[in-house]
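Student: I'm new to this one. Can you walk me through it?

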Amino acid sequence: MNILLIGYGFYVLGNENLAGGTIMPAVIKWQKFSKKNVSITCVVKNSNSKAKALERFEYFARNYNCSDKIKVFIKTFDECKLENIFDCSIIAVPEKYHLEILKFVIERSKEIICVKPFTENENQVSEALKLSKDKKANIFIDFHKRFDSANIEFIKNASLHEHNDGIFNFSYGQKVEMPFKYFKQWSMYSNPFQYLAPHYLDIIFEVIKNSGANLQDLNINGSAQCLKFKEKPSLISLISCNIELSNKNYCYLINAICNWMEPKMSPFNSRQRIEFQTNSLHLISEQDNRGQLLIRDDSVKIPNPHFMTTDYNLITSGYGIDSYYNFFNYVLGIFPKNNL
């Protein structure tokens, strides 16, 4: 498997202690089970980025005991020639750069997966989709929460219950250090709603579609309020949003609060919750302790056991891991396209 990778940050490799990474742990898991050789070409913008990327990948390889069947090469954009053709591409940089980078990778591979959100605005989406059609390329957006067992169950239970109205609530919170430290390269171009909400809106739209509603036929009205960090006013710390999707047959309300201002001593990596309520149903899904598994003589607590693990054998599954694991299998023709 020859992979073109754009990005070497938190989502690719984790923080300085290798916590939080998704793409490289997924590559290791996939290689372990597929027994295939993997060649990753990570493309960066300049020589300084090349040195930083090399240091991070080498540290990751040492600490995760990477198989010798996984090779990583770091190149600048100028060094990655047009004749270099890859089985697939991964775009894991801020959305500010997605369209520009898509034009680069689409000449080198026709199977592309991109971290959300897809682009900065609707005009860029239209341009990207036209590019995809013209170049006969498939572009997948990494809505990895679709592969989380808790969310699969949430969608199923909400869809089995007959309804044509209801209210969705979701909330998300992450520690202040995340945008200030680990997301600092791109957080100024984004916000906590844009970082998390696309995942939960995707889940909500699945439920609404399963009720029989055509999303294209629904009128959308909404409003949003935001707060900013006092110590860094250029960064948005919280967004509260209210959305109504309705026509004469359907009416769904969505309330959301997303923040990057949880205290340092918060016990959660990220605090996440989604609810759906009608006059005869109330579903609640908590994902605060994702990745935790607590078993005692008198109780068991498994909030979301399949996210990721610090086990260096990397035998876990989970939505972050499974998103790429399934994508690689799709590239090989052994995972159905429509399930992505």
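Student: Leaving aside neighbours within four places in sequence, which residues is Ile 90 in contact with?
Tutor: Keep in mind that this is a predicted model. Beyond those neighbours, Ile 90 is in contact with Ile 3, Leu 4, Leu 5, Ile 6, Ile 23, Ile 113, Tyr 324 and Phe 328.

Student: Which residues touch the most other members of the largest nonpolar core?
Tutor: Ile 90 and Phe 328 do, in a core of 38 residues. Elements that give two or more residues to this core include β1 (2-6), α2 (23-34), β4 (88-91) and α9 (319-331).

Student: What does the second core include?
Tutor: The second core is separate and has 37 residues. Among them are Ala 158, Trp 186, Leu 218 and Leu 283.

Student: Back to Phe 328. Is Phe 328 buried or exposed?
Tutor: Phe 328 is buried, and so is Phe 327. Their ring centres are 6.0 Å apart and their planes sit at 55°, so the pair counts as tilted.

Student: How many aromatic pairs does the structure hold?
Tutor: The count is 23 aromatic pairs. There is also one aromatic cluster formed by Phe 10, Tyr 172, Tyr 182, Phe 183, Trp 186, Tyr 195 and Trp 260.

Student: Pick Phe 183. Where does Phe 183 lie?
Tutor: Look at the loop between α7 (177-182) and α8. Phe 183 has a relative accessible area of 1%, so it counts as buried. Leaving aside neighbours within four places in sequence, Phe 183 is in contact with Phe 10, Gln 174, Met 178, Tyr 195 and Trp 260.

Student: What separates the C-alpha atoms of Phe 183 and Pro 94?
Tutor: They are 9.7 Å apart, for two residues that are 89 residues apart along the chain.

Student: New topic: holes. How many cavities of 30 Å³ or more are there?
Tutor: One. The largest cavity has about 30 Å³ of space. Its lining includes Ile 91, His 98, Cys 114 and Phe 118.

Student: Which element gives the most to that cavity lining?
Tutor: That is α4, with three residues. By class, the cavity lining has seven nonpolar residues, two polar and no charged.

Student: And pockets? How much space lies in the second largest pocket?
Tutor: About 930 Å³. It is lined by 28 residues, and the closest to its centre are Phe 118, Val 125, Ile 141, Phe 143 and Pro 198. The elements giving two or more residues to this lining are α5 (122-134), β6 (138-141) and α8 (192-210). Of these, α8 gives the most, with eight residues.

Student: How does the lining of that pocket divide by class?
Tutor: It has 16 nonpolar, four polar and eight charged residues.

Student: Now the backbone. Which peptide bond is cis?
Tutor: The one from Lys 116 to Pro 117, with omega near -10°. Pro 117 sits in the loop between β5 and α5. As background, most peptide bonds are trans.

Student: What about phi at Lys 35?
Tutor: Lys 35 is not a glycine, yet its phi is positive, about 65°. Its place is in the loop between α2 and β2. With a relative accessible area of 59%, Lys 35 is exposed.

Student: And where is Lys 136 found?
Tutor: In the loop between α5 and β6. Lys 136 also has a positive phi, about 55°. Its relative accessibility is 70%, so Lys 136 counts as exposed.

Conventions: Residues are numbered from 1 along each chain as its sequence is written. This is a predicted model: local features need pLDDT of at least 70, side-chain atom pairs count only at pLDDT 80 or more; totals for chains, interfaces and linings use all residues. Side-chain values use heavy atoms; hydrogens and water are left out. On a 1 Å grid over the protein atoms alone, a cavity is a set of points where a 1.4 Å probe fits but cannot get out, and a pocket is an open set with protein on both sides within 12 Å along at least five of seven lines; lining residues have an atom within 4 Å of a point. Grid points are joined across faces, edges and corners, and a volume is the space filled by probe spheres set on the points. Helices (H or I, at least four residues) and strands (E, at least two) are DSSP runs, numbered from the N terminus. Ala, Val, Leu, Ile, Met, Phe, Trp, Tyr, Cys and Pro count as nonpolar, Asp, Glu, Lys and Arg as charged, and the others, Gly among them, as polar. A nonpolar core is a set of buried Ala, Val, Leu, Ile, Met, Phe, Trp, Tyr and Cys residues joined through side-chain atoms within 4.5 Å. Buried means under 20% relative accessible area, exposed over 50%, partly exposed in between (1.4 Å probe, protein chains only). Contact means heavy atoms within 4.5 Å. Rings of Phe, Tyr and Trp (its six-membered ring) pair if their centres lie within 6.5 Å; planes under 30 degrees apart count as stacked, over 60 as edge-to-face and the rest as tilted.
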